[in-house]
Amino acid sequence: MRVTDEVFIVGGGIANAFGLSADPDCHVYLIDGGDELALIDCGMAAGDSLERILGNVRAEGLDPARITKIIVTHYHMDHAGGAARFRERLGAEVIAPAGAADALRTGDERAVALDMAKAAGFYAQDYRFEPVDIAREVHEGEHIAVGMLELEVIETPGHCDGHVSYLLRGRERTYLFAGDAVFSGGRVVLQNIHDCSIQKSAESIAKLARIEFDALLPGHAAICLDGGARHVALAFHSCQSLFVPKNLV
Ligand SMILES: [Zn+2]
C-alpha cells in the first residue's frame, strides 16, 4: 500500500488495521531510497506472512531483492520476531537499537518479555524466538542511509528498554517511525512487563514532542500523513497533567 512515493506499508495483521500479512504483525513499512530499499520492522514471519509481505512489495512495482536493510524499532515479537527469517530470505542486514541487540542475538525470551506475553495468551506456547545476527547497533543521533535517504535514530524507551524511533527527512515530508512509543490520538502501549516504564515513556514522549515532523507512522493502528505532531502533543499534554496517556489496547 503506497503511503507516498518514498514510503509504503507492506505488512501488518488484520488486528492492526491493514490485513496485509498475518496477525499479530505490526505495521511493516518499506522505504524506497532509490537504489536501495529498507524495511522498518518486519513482523513475526509466521505462516505465509513473509511471502505475503514480499508479494506486497512486488505489487508496488518494487523488487524485494533490493531490500538491503531490516531496521528494527524494538525487540517485541510482533515487530522483530521474523527478523532471522527475513535476513535469511533476503540476505539483508539487520540493524537494531544497541539496547535491543543482545536479546535479539541470543533469543532471550525473558529479556523481551516473551514469557509474559505467552502466559497472557498473545503468542502460542510452542512459539520460539529465533535469534538473529545484528549487523549494526544504533545509538541516539546516528544516521542510517537508505539509498539517497537517511534515517536518524531517536532513543525512545518506556514501552520497553532499548526502543528507538526513526526520523526520515524525505523528499516530500518528514516521517516519524514511532514503533510502539506513541500512537494516533496520543495513545500509548504500557504493559505489565519488567522493562516497561511510565516515566521513561513520558520522557520519550516529551522528546518526540520537541521534534518537527509531518507524518506519524506508528507500529499499530491509524497513521497520519500531515500534522502528525498533534498526536504526540496530545500524549505530551496528558503526561504534563500527571496522567498516563490512554492505552491503545
Ligand atoms: Zn512493542
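Tutor: Strands β4 (residues 67–71) and β5 (residues 93–97) run parallel and are joined by three bridges; two strands pair if DSSP finds at least two bridges between them, and strands (E, at least two residues) and helices (H or I, at least four) are DSSP runs numbered from the N terminus. This is a predicted model, in which local features need pLDDT of at least 70, side-chain atom pairs count only at pLDDT 80 or more, and totals for chains, interfaces and linings use all residues. Residues are numbered from 1 along each chain as its sequence is written.

Student: Which residue in β5 is the bridge partner of isoleucine 70?

Tutor: The bridge partner there is valine 94.

Student: And what packs on the sheet, touching β4 and β5?

Tutor: Helix α3 (residues 83–90) does, and its direction makes about 170 degrees with that of β4; axes are lines fitted to C-alpha atoms, for helices over the stretch in contact, and angles run from 0 to 180 degrees between N-to-C directions.

Student: In what order do the strands of the open sheet come?

Tutor: The six strands follow the order β1-β2-β3-β4-β5-β6, with mixed pairing. β1 (7–11) and β6 (136–138) stand at the edges with a single partner strand each, so one side of each is left without a neighbour in the sheet.

Student: New topic: at what angle do α6 and α7 pack?

Tutor: Helix α6 (residues 198–209) and helix α7 (residues 229–240) pack at about 135 degrees, with their axes 9 Å apart. They are therefore oblique to each other, since angles under 35 degrees count as roughly parallel, over 145 as roughly antiparallel, 65 to 115 as roughly perpendicular and the rest as oblique.

Notes:
Contact = placed C-beta atoms within 7 Å.
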